[in-house]
Amino acid sequence: MLYCSVISEDGRPTWAAVLTILQPVVPRQPPLESVLVSEGRLLALYSVLLKRLPSCRDIREEGMLLINLIDWITAIKTTDIMEEKLPLLWAKACELAYRQCQYSENTVIAARALKGLARALIALADDAGQGWGILGAIGLRKGSQLSIRCKFLSRAIGVYCLAQLPESKCEHQIVRFTSHSPGVAPSRSPDPDTAEIRPSVEAIKAMQNLEGLLLNKQYVELKGDVERSIRLIRDSANSLHNAVVVIGALTGELYHQRYLHVLTE
């Protein structure tokens, strides 16, 4: 594996070291990224993404790459063999969405990306359970190819993304990208500008499904992780600005691969 073969000065493999030996990507058909997605080579996809980002000429071009990333994430055919690599891509999508909020003229791309990511992650958590019914029992359909921890993590991060997209009377979609932004819970503020900002119906439903895992026997060993994710989502101090930290905190309790150090250190 490329990542494990690249060692930094302190003896540990790092993504920065990987990028020093990775050659620039030459345009081709079909695009290299599409091939990597179809073959499930997610670490290679992540390294190519890291290599491409510095070549973006402006925040608009970076936004186009972000939308491509969401498309790649949605197209990945996830199995238990690759599931621990997924948080790298999810976190990078959130990081790039935050940069759109910081440096772009509007939050349109960020909102689109977050909504696309959230729906892909929740679909992953839901669809992964197909096959446990009667068809699976008699062997006509395969059971889930994902672990319970992956299904939990994808749902939790999906709900976190939706929580950053509150409803309001504004024509454009508001994105929560600063600490204590309104919209995580119904506001009791007398300020009419913030009182009208509230969680979306989609976010409320998704949160209820996440809370439902506390009563699901399949998730009994992850009860503490589920409770922690709920607290993080409800905490108004959290927003898109520290999404990578939140993803790292949740991921670090479930997976311990060395290449995840960018999320957990």
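Author: Glu83 is buried, at 3% relative accessible area (buried is under 20%, exposed over 50%, partly exposed in between, with a 1.4 Å probe and protein chains only). Its salt-bridge partner is Arg149, with the closest N and O atoms 3.8 Å apart; the rule asks for a side-chain nitrogen of Lys or Arg within 4 Å of a carboxyl oxygen of Asp or Glu. Arg149 is in helix α9 and Glu83 in the loop between α5 (59-75) and α6, so this pair ties together parts 66 residues apart in sequence. Arg149 itself is partly exposed, at 34%.

A word on the basis: this is a predicted model, where local features need pLDDT of at least 70, side-chain atom pairs count only at pLDDT 80 or more, and totals for chains, interfaces and linings use all residues. Residues are numbered from 1 along each chain as its sequence is written, and side-chain values use heavy atoms, leaving out hydrogens and water.

Helices α6 (86-103) and α9 (148-163) turn up again as packing partners of the buried residues of α13, along with α12 (223-234) and α14 (261-264). Helices here are DSSP runs of H or I, at least four residues, numbered from the N terminus. In α13 (residues 243-252), the buried ones are Ala243, Val246, Ile247, Gly248, Leu250 and Thr251.

There's another bridge over there: Arg228 meets Glu253 at 3.7 Å, N to O. Arg228 lies in α12 and Glu253 in the loop between α13 and α14, so that pair ties together parts 25 residues apart in sequence. Arg228 is partly exposed at 29%, and so is Glu253 at 48%.

Terms used
Helices (H or I, at least four residues) and strands (E, at least two) are DSSP runs, numbered from the N terminus. Contact means heavy atoms within 4.5 Å.
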